[in-house]
Amino acid sequence: MAIEEISVDQLDPALGSGAFVLDVRNPDEHLEARVPGVVLIPLAELESRYVEIPPSDEVYVICRSGARSAQAVEFLRGRGVDAVNVAGGTMAWIDSGRGVDSGPDA
């Protein structure tokens with residue numbers, strides 16, 4: 001099954017429109033730097049916590065570089081969630097010069 005992907009250039013306006021973005025990295029990575037507004041559910045916890053994802057048209061899934069988020073997208077799609085992988089992940093977001101949040105969630 002092909003994984004649907006978007007670039008960080010496509011994610012940016014979606015975020016501005018209130019899109020739900022799921023970060024599947026580990027908590028220490030999330031604290032260090034993250035795309036503003038993402039919700040953290042580490043990949044290791046996704047199976048037991050995916051029900052916390054609010055119903056929405058699409059769920060954008062991000063990790064560090066795109067590998068873990070691709071796994072998460074496969075898992076979520078298998079459960080009927082319209083999930084899309086963010087190609088290049090948080091590193092691509094940072095490399096694009098866009099702002100990041102760090103530290104504990106507000």
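This is a predicted model: local features need pLDDT of at least 70, side-chain atom pairs count only at pLDDT 80 or more; totals for chains, interfaces and linings use all residues.
Local features were taken at pLDDT of at least 70 and side-chain atom pairs at pLDDT 80 or more, whereas totals for chains, interfaces and linings use all residues. Residues are numbered from 1 along each chain as its sequence is written, and side-chain values rest on heavy atoms, without hydrogens and water.

Helices (H or I, at least four residues) and strands (E, at least two) are DSSP runs numbered from the N terminus. In helix H1 (residues 8–16), the buried residues are Val8, Leu11, Ala14 and Leu15; buried denotes under 20% relative accessible area, exposed over 50%, and partly exposed the range in between (1.4 Å probe, protein chains only). These residues lie on the same side of H1 because they cover an arc of only 110° around the axis, the arc being that of the directions from the helix axis to the C-beta atoms. An α-helix has 3.6 residues a turn, so residues three or four places apart point the same way. Asp9 and Gly16, on the other side of H1, are exposed. The cover over the buried residues of H1 includes strands E1 (5–6), E2 (20–23), E4 (59–62) and E5 (83–86), together with helix H5 (89–95).

A nonpolar core is a set of buried Ala, Val, Leu, Ile, Met, Phe, Trp, Tyr and Cys residues joined through side-chain atoms within 4.5 Å. The largest such core has 15 residues, of which Leu22, Leu46, Ile53, Val59, Val61 and Leu76 touch the most other members. At least two residues of this core come from each of E2, E4 and helix H4 (67–77), and H4 supplies the largest share, 4 residues. With residues up to four places away in sequence not counted, Val59 contacts (heavy atoms within 4.5 Å) Phe20, Leu22, Ile53, Val81, Asp82, Ala83 and Val84. A second, separate core comprises 13 residues, among them Ile6, Leu11, Leu15 and Val21.

The structure holds 1 aromatic pair, with pairing assigned to rings of Phe, Tyr and Trp (its six-membered ring) whose centres lie within 6.5 Å; planes under 30 degrees apart are stacked, over 60 edge-to-face and the rest tilted. The ring centres of Tyr50 and Phe75 are 5.4 Å apart and the planes stand at 85°, so the pair is edge-to-face. Tyr50, in the loop between helix H3 (46–49) and E4, and Phe75, in helix H4, are 25 residues apart. Tyr50 is partly exposed at 24% relative accessible area, whereas Phe75 is buried at 16%.

The charged end of Arg98 sits over the ring of Trp93, 5.3 Å from its centre; the criterion is NZ of Lys or CZ of Arg within 6 Å of the ring centre and within 35 degrees of the ring normal.
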